[in-house]
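Hello,

Here is the structure I promised to pass on. Please open it first, then read my notes below.

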Amino acid sequence: MKLLLIKFILFFTIILNITIKLSAKELNAFYKIEIGAINIGSLKWSISLDNDNYKTSMLLEDRGLFSGLYTFSGEYLSEGMVFEDEFIPLRYKQEWKTKKKTREVEILFDKKMVSALILSPKESELPRIEYLKIQGLVDPLSSFLNILTSGANNYKTIDGRRLYKMSLDLKEEKNMVSKKIYITDYFNIWADHKRKDLKFIITKQDKSKKDNFFPNNIKIKNKGLVFTLTKI
């Protein structure tokens, strides 16, 4: 279940249907997360823009009946510069906590390359790819923002444990917008396999509504489970 929730949080924001103007100062969204009729948690996502700098953060917490069975929380942060309408990270950090363990990842970037990768606990395996030599890398949240603002992502994504490409298929009929995000070119840095359980995410949004910065409903299918994200 923990792996499903981690993948959920890493991929959730790419399906938001929002056009962010660089003059905006701050945007916030609040969601409840459900599996079937069971409320398992809540999510807050914030974006702050200040001239050519940006900072985005996400907070995930357990909630409802599920919290008595499985306690978890996640914090995610990305900050960097906006250059030619693209979000270029300087720092990415994530922390995942349960009753039994805490996992942390911090990535430092320099000119779209990884300059440092810090994992806690440390990885015992040797990396199966020379990620420090790869150009055109950004973190997951920056990839999300690039897709949101331009509908495209010109970079590969690194989250500390994996490399992958995120691409978007957009369809629009009258006031309804449908987005399908594909995860391709997937590679595990530390594990000797290329298995990925999340293939794509689909969302639909009614553009005719006044409050259309964020979609009202999102569905994510992973390992046969359907996560439903509903704006509060």
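**Aromatic pairs**

The structure holds four aromatic pairs (ring centres of Phe, Tyr or Trp, its six-membered ring, within 6.5 Å; planes under 30 degrees apart are stacked, over 60 edge-to-face, the rest tilted). One of them joins Tyr54 and Phe87, edge-to-face, at 4.9 Å centre to centre and 85° between the planes. Tyr54 sits in strand β3 (residues 53-62) and Phe87 in strand β5 (residues 86-98), so this pair ties together parts 33 residues apart in sequence. Strands are DSSP runs of E, at least two residues, numbered from the N terminus. Both Tyr54 and Phe87 are buried (under 20% relative accessible area; exposed is over 50%, partly exposed in between; 1.4 Å probe, protein chains only).

A note on the source: this is a predicted model, where local features need pLDDT of at least 70, side-chain atom pairs need 80 or more, and totals for chains, interfaces and linings use all residues. Residues are numbered from 1 along each chain as its sequence is written, and side-chain values use heavy atoms, without hydrogens and water.

**Salt bridges**

There are eight salt bridges (a Lys or Arg side-chain nitrogen within 4 Å of an Asp or Glu carboxyl oxygen). Arg91 and Glu79 form one, at 3.0 Å from N to O. Arg91 lies in β5 and Glu79 in β4 (residues 72-83), so the bridge ties together parts 12 residues apart in sequence. Arg91 is partly exposed at 24% relative accessibility. Glu79 is partly exposed too, at 25%. A network of salt bridges links Glu79, Arg91 and Glu106.

Best wishes

Note on methods:
Helices (H or I, at least four residues) and strands (E, at least two) are DSSP runs, numbered from the N terminus.
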